Structures are given as C-alpha cells and as structure tokens.
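Here is a short briefing on one protein chain. Look at the sequence and the fold together, then work through the points below.

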Amino acid sequence: MLHGFLRLSLVSLALSLAACGGSTAGRVGFIPRSVPMMEAKGDEHTSQFKAKGFKLADYGKVSVESVSVSRQVDVELKPEDFEDLRTRFQKSLQAALEKAGGTGDRTLVVRGEITAIKPNKPMLNVAPQTQLLKRGYGYAACEIFATDGLGGAVVAAWMNTMDTQRFGAEKLSELGTARKACEAWGPAFRTFLAE
C-alpha cells in the first residue's frame, strides 16, 4: 500500500513540475512603460495593447525599423548567432508587414527587439522520459510596438515568449526554439494588428 502511495505521489509531483515548466519572460522596457499591456485572452505567454480605434487599414505604408537584441539578453552566444536571430526576426516582420498597409495616408512605424533567449539543451531532449521535467527546454521572447508615424504615439504593442514544444524538431538544436520564434513573431504580430 505504501509503495503504491509513494509511486502516486512521485507521479503527481512530476506532473506538477512539468506543468510549471513553461516560461514567460518579463517586460524589459523596450515597449514604453506608459503602454498598458494586458495578457492576451487564453494565452499566458502573450501580452498586448491596441489604441482605441486603431485600424491597420488607416495606414497606407508600414515601415519596419531595424530589429535589435536587448542588452538584457544574458546568454553566451557567438556574435554570428545573435546576428542570425536578429536577421530572422527582421525578415519575419518585413515579410509579414510588407503589404499590410491599407489605403490611408499615414505611416505605421514598427520596432522589434529580442528580449530573452534561453538555449535548448538537446542532450536532455532526446528520450521521452528525460522530457518530463522539461529541463532541456529553452525559450525566446520579444517586444514589438508600432507608432503612428516616426516619433508618434504608440498605437499597438505585442510581447510574446515562445517555449520549446514537446513535439517539434526545434528541441534538437541549441537555438532551434529561438530561430522558430524569430520566424513566427512577424506573422503573429501582423495577425494581431489585423484583428
């Protein structure tokens, strides 16, 4: 009886720890602190803001500024790895927003920053039993905001943390999750703007 109880307790503990394995990076301040971010409905890893009356169709042009990597990203990577991630994020935003503008005469200026990176530990992500506690899982986070013209008021802001997923090849490389995130953020921000 005691043996069964002990096994049930260990399984419960493992499942509880696994449920807590997800990460949400905190706000680093790239999005101005005056912007009131709210957690996205049904998504604890995303926070967002949209000015009252904002419509993407009001902007005839979308300009994507150069994407940056926050100084607060505290991880040892080669300079070329940082540049690869920055470039992926830049291309993702540009491709997603290239034809996003409407017919208005205003310009929407978009800025993005990678705010957190935690590399995967691929050796811990090979066997299913080693994944239970998600010790080898990484994540990446970003902050993006858009202004009404250069230097104008913030009209939309979005921040997201993307975790390694159990069923995905990104867990098999150190920067797989970060690369996937950088490529996904542009289309996700575009979808948010159009909602």
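Buried means under 20% relative accessible area, exposed means over 50%, and partly exposed lies in between. By that cut-off Cys182 counts as buried, because its relative accessibility is 1%. The model is predicted.

**Overall build**

- The protein chain contains three helices and seven strands.
- Along the sequence, the elements follow the pattern α-β-β-β-β-α-β-β-β-α.
- The protein chain has 195 residues, and buried residues make up 41% of them.
- The accessible surface of the protein chain is about 11100 Å². Carbon and sulfur atoms account for 56% of that surface.
- Take the contacts between residues at least 6 apart in sequence: 73% of these join residues at least 24 apart.

**Helix H2**

- H2 has 19 residues. From first C-alpha to last, H2 reaches 27 Å, close to the 27 Å expected at 1.5 Å a residue.
- Leu85, Arg86, Phe89, Gln90, Ser92, Leu93, Ala96 and Leu97 are buried in H2. These residues lie on the same side of H2, because they cover an arc of only 160° around the axis.
- An α-helix has 3.6 residues a turn, so residues three or four places apart point the same way.
- Pro79, Glu80, Lys91 and Ala95 are exposed on the other side of H2.
- What do the buried residues of H2 pack against? Their partners are strand E3 (59-64), strand E4 (68-69), strand E5 (106-118), strand E6 (139-148) and H3.

- Ser92 sits in helix H2, which spans residues 79-97.
- Ser92 counts as buried because its relative accessibility is 8%.
- The side chain of Ser92 reaches the backbone oxygen of Glu183 at 3.1 Å.
- Setting aside neighbours within four places in sequence, Ser92 is in contact with Cys182, Glu183, Ala184, Trp185, Gly186 and Pro187.

**Helix H3**

- H3 covers residues 176-194, and Ala181 is found in this helix.
- Is Ala181 buried or exposed? Ala181 counts as buried, because its relative accessibility is 0%.
- Ala181 touches Ala140 and Met162, not counting residues up to four places away in sequence.
- Ala181 and Cys142 are 39 residues apart along the chain. Their C-alpha atoms are separated by 8.8 Å.
- Ala194 also lies in helix H3. Ala194 is partly exposed, because its relative accessible area is 47%.
- Ala194 and Ala57 are 137 residues apart in sequence. In space, they are 8.4 Å apart, C-alpha to C-alpha.

**Cysteines**

- A disulfide is a covalent bond between the sulfur atoms of two cysteines.
- How many disulfides does the structure hold? The count is zero.
- The cut-off for a disulfide is a pair of cysteine sulfur atoms within 2.5 Å.
- Seen from Cys182, the closest cysteine sulfur is in Cys142.
- Cys142 counts as buried because its relative accessibility is 2%. Cys182 counts as buried too, at 1%.

Note on methods:
Residues are numbered from 1 along each chain as its sequence is written. This is a predicted model: local features need pLDDT of at least 70, side-chain atom pairs count only at pLDDT 80 or more; totals for chains, interfaces and linings use all residues. Side-chain values use heavy atoms; hydrogens and water are left out. Helices (H or I, at least four residues) and strands (E, at least two) are DSSP runs, numbered from the N terminus. Buried means under 20% relative accessible area, exposed over 50%, partly exposed in between (1.4 Å probe, protein chains only). Contact means heavy atoms within 4.5 Å. A polar contact is a pair of N or O atoms within 3.5 Å; within protein, one must be able to donate a hydrogen and the other to accept it, and residues adjacent in sequence count only if both atoms are side-chain atoms. Accessible areas come from the Shrake-Rupley method with a 1.4 Å probe; for residues, only the protein chains shown count as cover. The expected span of a helix is 1.5 Å times one less than its number of residues. The arc is that of the directions from the helix axis to the C-beta atoms.
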